[in-house]
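Let's talk through a few local features of this protein, question by question. Have a look at the model first.

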Amino acid sequence: MVVGATLRGVEARPVAVEVVVSSGLPGMAIVGMPDVAVQEARERVRAAIRASGFAMPNEKIVVNLAPGDVRKTGSGFDLPIALGILAATGQVDPGLLAGRLFVGELSLEGSVRSVAGGLAFGICAARQGLSLVSSGEQAVPLDSLVQLALPSLGRLHAEEPFAPVACSSVAQPRPTDASAPDFRDVSGHEAAKRALQIAAAGRHGLLMMGPPGSGKTMLASRIASILPPLGQDEMLEAAVVHSVAGEDVSGILAGKRPFRHPHHSATPAGLVGGGNPLRPGEISLAHQGVLFLDELAEFKGAALQALRQPMESGVVCLTRADGNVSFPARFMLVAASNPCPCGYFGDPERACTCTLPQIRQYQGRIGGPLMDRIDLQLDVARLDPSGVLDAGRGTSSAQLREGVMRGREFAARRRARDAAEAGGAAAGARRGGPQEVIAACRLSPEAEAFIVSTAQACSMSGRALVSVLGVARTIADIAERDAVGADHLAEALGFRLREGIGG
């Protein structure tokens with residue numbers, strides 16, 4: 001028996017690969033709910049075994065992948081199937097297979113190729129107390145089946161057992177990359193920079209609306225320069241998602257937060273995940289980082305509305321015939337959009353050519369429920385040409401990052417203190433829930449009367465009211481204030497209440 005593994009969401013599950021070689025009609029049968037890629041392993045395994053100098057048995061071969069009620073996907077079963085055949089026919093010492101988990105795709109020449117999900121397989125092996133053997137990183141290297149026949153070439157023949165891949169064997173976080181684009185290069189737009197600072201400090205969603213050339217994309221692309229580096233747990237969570245998707249994880253393991261920028265033609269499955277086998281979507285690849293949606297109104301309506309549930313729960317749950325699969329999706333949404341089809345509605349210098357019905361229809365593509373879940377919404381105007389020449393003199397990323405770090409550190413101390421005062425009861429509450437947000441604000445009677453009267457006058461929904469309170473709490477955290485005051489509420493309202501189309 002050889003131990004392999006299959007991916008289910010972002011988790012790798014161990015699979016026992018059992019091989020029986022018996023008399024009968026020559027051929028190979030693979031059972032245990034294999035997908036097409038696993039079935040195709042028969043031809044790759046035959047060619048790889050022969051090309052590596054081993055004998056392929058001319059008998060009946062049955063390969064069982066257990067447990068049989070879990071669908072097996074991917075080409076990573078090539079290596080354990082080949083090793084099972086070689087061990088069953090006495091061409092490889094079965095002792096070499098004990099205590100190890102094998103994953104790898106075989107070429108027709110017998111070389112071992114790495115497969116997506118190497119980090120997830122490493123974590124699975126560590127949890128099982130096994131050593132991962134594969135061709136990729138975080139594994140005992142096995143580059144070719146030929147190594148099994150040449151003891152001098154393979155570490156598999158070492159006397160000492162190999163330590164399992166540690167779940168925490170990732171690099172220490174590094175400081176923010178100094179070569180990243182800096183907010184200093186963006187002249188003016190101090191209100192937008194302040195909004196981005198608040199969004200980064202409190203992990204709030206942000207929508208910037210303005211005409212073409214106003215600087216929305218430049219502002220959004222620089223938000224990574226004010227975010228803190230990934231912590232150890234955050235780093236591992238994000239790296240596993242990217243590993244399963246077959247993407248490079250070196251930047252994440254260096255502490256950089258993901259920044260995803262999908263095109264507006266992305267499908268719902270491309271954003272939230274899907275396919276066969278299931279693959280994480282853009283919102284999961286943005287886990288612990290930023291998802292930037294430029295030209296928000298141009299995205300398909302179904303794709304945008306699919307963001308609503310993950311924005312609140314932090315998880316994408318996909319339901320298929322063989323069960324549910326969950327992908328992590330705790331991301332910060334930053335979006336940009338033109339206000340109308342021509343892009344110049346509200347621009348003081350260039351007349352808009354759109355009719356009011358066209359403007360309402362265009363902005364309506366985003367959808368009220370999604371807009372209600374975006375905490376900060378602001379208009380970004382085009383700069384005067386003279387202001388463009390002041391590039392390099394504005395507020396820098398270092399200045400903004402200082403406020404972000406101050407706000408996050410104060411919020412962590414405040415939450416710990418509140419939990420201690422509540423005798424640990426707060427620990428059971430859902431983080432960011434309405435009751436927790438309201439209690440954390442510690443509103444005075446005057447501040448409470450102010451926000452209630454404003455909410456009534458503006459017909460704000462309950463979700464919008466809690467959203468404003470959450471932003472105000474973040475503003476107070478940046479100012480290191482225990483209680484949210486009327487000034488914090490007023491600033492939060494300024495980033496939430498925008499002038500209507502008919503205003």
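This is a predicted model: local features need pLDDT of at least 70, side-chain atom pairs count only at pLDDT 80 or more; totals for chains, interfaces and linings use all residues.

Tutor: Residues are numbered from 1 along each chain as its sequence is written, and side-chain values use heavy atoms, with hydrogens and water left out.

Student: Is α17 parallel, perpendicular or oblique to α19?

Tutor: Helix α17 (residues 434-441) packs on helix α19 (residues 462-478) at about 45°, with the axes 9 Å apart. Angles under 35 degrees count as roughly parallel, over 145 as roughly antiparallel, 65 to 115 as roughly perpendicular and the rest as oblique. So α17 is, relative to α19, oblique.

Student: Which residues of α19 does α17 meet?

Tutor: Contact here means heavy atoms within 4.5 Å. From α17 come P434, V437, I438, A440 and C441, and they meet, in α19, V466, L469, G470 and R473.

Student: How many residues of α7 are buried?

Tutor: Helix α7 (residues 232-244) has 13 residues. Buried means under 20% relative accessible area (1.4 Å probe, protein chains only). Among those that qualify are E234, M235 and H242. The rest of the structure largely encloses α7, because the buried count out of 13 is 10.

Student: Where does G76 lie, and what is its relative accessible area?

Tutor: G76 sits in the loop between β4 (60-66) and α3 (78-88). Leaving aside neighbours within four places in sequence, G76 is in contact with F102, V103, G104, E105 and V115. G76 is buried, its relative accessible area being 9%.

Notes
Axes are lines fitted to C-alpha atoms, for helices over the stretch in contact, and angles run from 0 to 180 degrees between N-to-C directions. Helices (H or I, at least four residues) and strands (E, at least two) are DSSP runs, numbered from the N terminus. The expected span of a helix is 1.5 Å times one less than its number of residues. Buried means under 20% relative accessible area, exposed over 50%, partly exposed in between (1.4 Å probe, protein chains only).
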